[in-house]
Amino acid sequence: MEHLILRDLDIPNIAEIAVYEKHGGYNALRKAIKEMTPDEIIEAVKVSGLRGRGGAGFPAGVKWSFLPKGVFPRYLVANADESEPGTFKDRQIMERNPHQFIEGIAIASYAIQCHHAFIYIRGEFPYAAQCLERAIAEAEARGYVGERILGTDYALRITVHRGAGAYICGEETALLESMEGKLGQPRVKPPFPAVVGLYNKPTVINNVETLANVPLIIERGAAWYASIGTPKSTGPKVFCLSGHVNRPGNYEAAFGSITFRDLIFDLGGGIRGGKKLKAILPAGASSFVINVAANEAVLDVPLDFDSLAPYGSALGSASVIVMDETTCMVWMAKKTTHFFEHESCGKCTPCREGTYWMLRLLERLEGGTGTLADVELLASVATQMQGRTLCPLGEFATAPVVSSVNAFRDEFERHARDKGCWARGQ
């Protein structure tokens, strides 16, 4: 299909504003501001079926409509804190197709009547931040951002705010705390950001890829957009493919049009070294692992937001990490848990203590000092964390642990019996 989000793959130098304009760039913004009311834009996004691309999949237009009437100022924050292991789609958009993202911000800001939008970008993305700052300056010079946009009374300022390297700031309320100069720790909800957000004002927070879809909806129509993908998962999706594949990278396809088999063996060129596929993390490090040998049918399931539920997992941000037959699942669980334990903000006890003890137990099992009782205790600690943490980070941390113990329990018990890792030395 035509690339709708990763347009740099089809159009050289589209990051330059003249090239972007030549291919229809900012026509959607012109149409939105001059021909549509804010409510009409929100309704179009609702009808399109656009769901958030950050992982939760919440309908974007519905989120925009949650802002309380008559409360101003209000803010739009683009969440560009792309810190999930295995996720790298937003970086490509910001570096190679930044104007489509900025146009999406401008349209969304007009729709919610926001006059100051922010891009909260991961601190480890200095080049992407520079690309955005340059693109915003170009857009302002052309009259797409700033005062009296396209000769109208609407004004919008866009500020790039660089984070400081904390995974937790990808959580929307921790992001807001960080922007306000506080510790990057989650807020208790409710109230939700739509009511009490940045500077205690109504705030919409959307992912980079989500906003990059908005110009398509306005320019080509909600019905056209809704015709792509499936009825409940509309539009194109960027799939991040990494791990033991020959051609890792970002691949764009309509929801429901490809399967894991297509993604891994066709687009990704198959498993490195001709080895067998063992397991898949479909949504980065925070997802429920799928045992492919036990669920081979999953390879042929059309991928959308809901199709993996029967296999005990979810597509989320579509950050697909592939593992071959040499991968030790205890090692995998330890690797992901180490990340979450390190990135936990420590604010709530279940996450702070739970990730610590999961890591200690996994280190014992992989190091050869674990017991069968430790396997039971590991599963118990993880399940007791679920539903009890302040923000999703603690919940995310349990996903690879609980799912790997359930799907590959024999490997965990083998580590306890054999006093060490079966895969060591391979």
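1. Residue A279 has M323 as its bridge partner in β9. The model is predicted: local features need pLDDT of at least 70, side-chain atom pairs count only at pLDDT 80 or more, and totals for chains, interfaces and linings use all residues. Numbering starts from 1 along each chain as its sequence is written, and side-chain values rest on heavy atoms, without hydrogens and water.

2. The pairing of β7 with β9 is antiparallel and comprises 4 bridges. Strands are DSSP runs of E of at least two residues, and helices are runs of H or I of at least four, both numbered from the N terminus; two strands pair if DSSP finds at least two bridges between them.

3. A279 also has a bridge partner in β8, namely N291. Strand β7, residues 277-285, pairs with β8 in the antiparallel sense over 2 bridges, and a hairpin of 4 residues connects β7 to β8.

4. These strands belong to an open sheet of 5 strands, ordered β6-β5-β9-β7-β8, in which the pairing is mixed. Its edge strands, each pairing on one side only, are β6 (249-254) and β8 (290-291).

5. Of the 9 residues of β7, 9 are buried, so the strand is mostly covered (buried: under 20% relative accessible area, with a 1.4 Å probe and protein chains only). Helix α12, residues 329-343, lies across β7 and β9 (319-324) and runs at about 10° to β7; axes are lines fitted to C-alpha atoms, for helices over the stretch in contact (heavy atoms within 4.5 Å), with angles from 0 to 180 degrees between N-to-C directions.

Key:
Buried means under 20% relative accessible area, exposed over 50%, partly exposed in between (1.4 Å probe, protein chains only).
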